[in-house]
Amino acid sequence: MNVIQATLTGALIGGLYALMAAGLSVTWGVLRVINLAHFGLILIGAYLTFQVADSWHLDPILTLVITVPAMFVAGAAIQWLFDRLRLTEFNSLLVSFGLLIITIQVTSNIWSADFRRMSADVNPYATQSVAIGRLVFPVTTLVAFGLAALVVLASHLVLRRTFAGRAMRAIAQDRAVAGAFGVDHRRLSVLLGGIVGATAALAGMVFALSNALTPDTAYEWFGTVFAVVILGGIGEVVGTFAAGILVGVISGVVSAVWSPAAAPFVLFSAIILALLLRPQGLFAAGGVR
Amino acid sequence: MIRRGGIGLLAAFLILAALGAFSDQLGLSSFYLILLGSICFWIAQATSWNILSGYSGYFSFGQAAYVGVGAYTTAVLSGRHGVDYFLTVPLAGLLCGLLALGVGAVAFRLGSLRGEIFALLTLAVPFILAAFARINRSIDGGQGTTVPIPDVPDAFGGLPQFQYLLALLVAAVAVAAAYAVQHSRMGSALAAIRDAEDVAEVMGVATFRYKMLAMLLSGVIGGVAGSVFALQIGFVTVESVFGLTIPLFVIVMGVLGGRTHWLGPVIGAVLIVTLQDRLSSYGLDAWNSIILGGVLALLVAVAPDGLYARLRARPLVALGALVVVSGGLAVLNVWGDILDWLVVGMLVASLLAIVLGSRLVGARLPFGRRPAADVAAAEVAPDQAASAEAVLAEAVHAEAVHAEAVPAGPGTGADSGPAPAGDADDAEEAAAADGAGEADRLGPVLIECRQVARYFGGVHALEDVTLDIREGELVGLVGPNGSGKTTLINLLSGAFRPTRGVIRLDGQDITRMAPHRIAHVGMARTYQIPRPFDSMTVRDNVAMAIMFGREPLALHRARPIAERHLATVALDHLADAHPADLNLHQRQLLEMARAVASNPKVLLLDEALAGLNPAEVDNAVRVVRRIHESGITIVIVEHLLRVLNQLATRLVVLDRGTCLADGEPQVVLNDPAVIRAYLGRQAHV
């Protein structure tokens, strides 16, 4: 019973990982930018949720009205900067690493390095849960999973069905040729950067719902989220979702059966093994690369 | 040059060691000793990182693994088990060396490992190790461990002196190692890996071995320095040694100072550590990371080649700025003390070097590692090139006249020109007889392909190709696009392995051999799109092939030979230029010179004439012919049938992965099946 509960909870938490990883995966696969600053946006999204909800006594989910546009602008601005600098894929990793460090330090200067958490009266979701038989699901994990599924489904449809999506896939395959056929990659990539920023706001909100915040958490996401991106296949949104669930299940089960401290050990060992066997990702079907 | 650097390094070490040894007499407070010790620690770590990541281009985000394992080895062994401190230092190095080899063996075995994946893999390693330290109670279970103070021999004075001297020694050894690597074969090999790894491998560089060596060296240095770090901080916790700030620092130092030179990380470490110290002393700790992150982001965008190249381009300006600013502040005696003056002076000098240097170095040159003299040489080059072209044109003209005067008879091997137009039957008969006669004169079989197949997923790029190529032949490989020509070249050179079948070169089975060993058996190739080592001069590009060829030579002995090979393709006047300054034709000639320099038995030319104008094609054909006459068997992929008709002794036609025709050019080109497949229904030869 314990293991089943851990598996299901892990899978639901995996939704949060997928939500965090989806944006990173898309910018890497489509725009050829490894945007570590994405973690910074998630962090700021989380802190903004906390701040707005706490000081204006707003429902945390309603704070999205503010955080989503803000993060859209931030994400678009970062992408615009990358475009202007004409960075190679690898240099984008270094530049965005610099940006991430600045973001974390600024967050720490504003909100301090201590743990901050929304007070219980503005955040009703933290304590609620849904029980099905003897299985219990915290509402926060359901929200995470639901939002992740929504984002993945929407972006999958956009990429497959719409003109902008086709144009983006064309950019992913060959930017120069796409440009020759009239695809304005500058405008599209800034738009995509904005959308990815908006997903960072969602992920930040979900994280703030169930966790206490400290600036250094951004570093803690690093390993897990990159694991999800690589396992899912770079640029593969649906693969990212599946990988997020898998990683969540592994972490959950190892934590329950062995010890929470052992989870990263098992997880990263599994990732290295997976990379050895399938370097293109577990769930990649050839994909954009 | 080599000696000067070595002497400078030794002198710096002795002066700095004297500072520590006589610190009491000199009135040097322990504050300065601790600061210097910290600089030494970061120099060692940044250098350890640079030996792998800077030299080979594989960026590691896992430097914390070495610091952590090194520090924990010392802390646990000496703190919990009472092992002598001095014994734990080499043990730390050993453990980190083993760790590095393990990570390298896993990472570098990955097929088509990309730099970003390596970076993320190395990022994961400290996470695993940190988690391991937290769950394992016999390490410390996450509690932290105190490092006992060892018995300091009296000769060292007090503990601060001892710590400083130890850190200095480790830093000096690390820098000396980086210096030695850069000036050795390994340095050349790592630079080639950074520029174009698969080209280096196919040329004969044992890339896996050199990457592993770099990993090992990096790990040992990182571990030993980590062990010294444990003593410096006194109390080791998972957070302090496995944290992400360590890779961040070393990467910033490497990028700031410059990654391709041994002095780069030293410059970076000195600047960053002193700057950090000054910021803390003014209570600006909160700005530390912001400034570091900003420096990293800005530098990658503005000056990715780092400070060292800029400083070397304008050494006097930088030195002058340092002396004027620091000296001026000292004389005026404003704004803090000597450290503040130095830091301000260094910052101004660096800024000046970056701003002035970008006009000189950065604007035009992608790698920016060139001293000014080379740039001047490259700028002179076009005139020389023009005159050389005139000479060449004359030579071509003379040869053309010569060729007209003495028509090349059929079957003179290398020079079998087009058979005189006339009775086709006669020509065919002559060719057939000629072919039989030629087989006798040709040497033994060099390349044997037996039912070679290669699939890419469901795509059958090659299917059951059986082919013999004999010594002395000049085989033209033709076929429509996608017929498998380049795939065959890639299989022969070892870049891909066949799905099925056997390939032999000179009697040796090379089917599953590593490309660099195939190169040593006697295979060389060029690329359709030339792929020179961009950071090296034209001369060194060719010298690389000699250094890592069948009879390896040292760089200084390979260079004169390289010049001879450049002369045979008429590129010797550009020996000091960088590949970026060459036009396409010159780059393709460089490819050929480089391939020939490895002294191959077989040379594979992949569309070596593509994209050239007619005059350039003629020149390239002359070069190919000359190479062939020197006794090298050639396989050439080419679309220009006019050229192949003159050049090749034999044509092999591939169509949809199978061998469609094989024989004397005239015969093959008149084969109806070939005409249908390759030229289309209506075409005429």
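Two residues are taken to be in contact when heavy atoms lie within 4.5 Å, and by that rule 36 residues of chain A are in contact with 31 residues of chain B. This is a predicted model, in which local features need pLDDT of at least 70 and side-chain atom pairs count only at pLDDT 80 or more, while totals for chains, interfaces and linings use all residues. Residues are numbered from 1 along each chain as its sequence is written, chains are lettered from A in the order in which they are written, and side-chain values use heavy atoms, with hydrogens and water left out.

The area buried between chain A and chain B, meaning the accessible area (1.4 Å probe) that the two parts lose on being put together, summed over both, is about 3,200 Å², and carbon and sulfur atoms give 85% of it. Across this interface the rule finds zero salt bridges, a salt bridge being a side-chain nitrogen of Lys or Arg within 4 Å of a carboxyl oxygen of Asp or Glu. On the side of chain A that touches chain B, helix 4 (89-111), helix 9 (217-232) and helix 11 (263-277) of chain A each supply at least two residues, helices being DSSP runs (H or I, at least four residues) and strands likewise (E, at least two), numbered from the N terminus. Helix 4 of chain A gives the largest share of that side, 13 residues.

With buried meaning under 20% relative accessible area, exposed over 50% and partly exposed in between (1.4 Å probe, protein chains only), Glu239(B) counts as exposed at 51%, whereas Arg134(B) is partly exposed at 38%.

A further salt bridge links the side chains of Arg559(B) and Asp540(B) at 2.8 Å, N to O. Because Arg559(B) lies in helix 22 (residues 555-568) of chain B and Asp540(B) in helix 21 (residues 538-547) of chain B, the pair ties together parts that are 19 residues apart in sequence. Here Arg559(B) is partly exposed at 31% relative accessibility, while Asp540(B) is buried at 15%.
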